[in-house]
Amino acid sequence: MQSVFEPTVFATTFMTLLVIQDPLGAIPIFLSLTSRQTPPERAASARQATVVSFAVIVLFAVFGRYILKFLGISVPSLQVAGGLLLLLVALELLTDKADESPDPDAVTSNAALVLLAGPGAIVAAMVAVDTTGGGVAGWVSVTAAIIGTHIAIWASLRFSLGLNRVLGTSGIRILTRVMGLLLAAIAVQIMADGVFAFLETRL
């Protein structure tokens, strides 16, 4: 009987998305964006940002392959390009290039597109779906990983004040650097897999 769940795909996708979206690293920015809000309003903003991020990631995960097919882009090409993009994101995490002074008047749902559902996360979701071959087990595993990641994101934003007090600015910065290092390794692996897959199609 064929399994409808692939633990390896789930673990890889979950860790990749979690590292890219870096919910702990987003806490200082989220608190700055919601500094003028009451606790209930901040909780609503956390829920709104999570829902927007989830919707965008799922949308591209489902329809991304059709976009690639229409444009004539192969999966190996996406892997190489996505790996390069993720490497740039990793360098930003490692060098503290992210904007830490956002405008408090900015709309939180729009901020979610930058903080949580940026191009790195979108590409990672598309690569995860395409590399699984589009089977039921692959879809179930990737979907579960996306849901699990956004549960972690919601919890981090919902309890951002407490986490910020416990971890402090230095603790969050250290964790962000670790996430950046892990993301750099993931990016290199994705690029390597893409290069080998591209060479196999040409040999």
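**Figure 1. Close-up of the second largest pocket.** The second largest pocket has a lining of 16 residues, and those nearest its centre are Thr-12, Val-127, Ala-128, Thr-131 and Ile-190. This is a predicted model, in which local features need pLDDT of at least 70 and side-chain atom pairs count only at pLDDT 80 or more, while totals for chains, interfaces and linings use all residues. Residues are numbered from 1 along each chain as its sequence is written, and side-chain values use heavy atoms, with hydrogens and water left out. A pocket here is an open set of points on a 1 Å grid over the protein atoms alone, where a 1.4 Å probe fits and protein lies on both sides within 12 Å along at least five of seven lines; lining residues have an atom within 4 Å of a point. The space in this second largest pocket comes to about 340 Å³, a volume being the space filled by probe spheres set on the points, which are joined across faces, edges and corners. Helices α1 (7–21), α6 (119–131) and α8 (160–202) each give at least two residues to the lining. By type, the lining holds eight nonpolar residues, seven polar and one charged (nonpolar: Ala, Val, Leu, Ile, Met, Phe, Trp, Tyr, Cys and Pro; charged: Asp, Glu, Lys and Arg; polar: the others, Gly among them).

**Figure 2. The helices of the protein chain.** Eight helices and zero strands are found in the protein chain (DSSP runs numbered from the N terminus: H or I of at least four residues for helices, E of at least two for strands). Of its 203 residues, 40% are buried (under 20% relative accessible area; exposed is over 50% and partly exposed in between, with a 1.4 Å probe and protein chains only).

Figure 3. Buried residues of α1 include Val-9, Thr-13 and Leu-17. Just after this helix, Asp-22 has a positive phi of about 45°. Phe-10 and Phe-14 sit four residues apart in α1, about one turn of the helix. Their ring centres are 5.8 Å apart and their planes at 15°, so the pair is stacked (rings of Phe, Tyr and Trp, the last by its six-membered ring, pair if their centres lie within 6.5 Å; planes under 30 degrees apart are stacked, over 60 edge-to-face and the rest tilted). Phe-10 is partly exposed, at 26% relative accessible area. Together with Phe-5, Phe-10 and Phe-14 form one aromatic cluster.

Figure 4. With ring centres 6.1 Å apart and planes at 75°, Trp-154 and Phe-159 make an edge-to-face pair. Trp-154 is partly exposed at 35% relative accessibility, and Phe-159 is partly exposed at 46%. The charged end of Arg-158 sits over the ring of Phe-159, 5.2 Å from its centre (the rule asks for NZ of Lys or CZ of Arg within 6 Å of the ring centre and within 35 degrees of the ring normal).

Figure 5. Among the buried residues are Gly-120, Met-126 and Asp-130. Ala-121 belongs to helix α6 and is buried at 1% relative accessibility. Its C-alpha atom is separated by 9.9 Å from that of Val-89, 32 residues apart along the chain.
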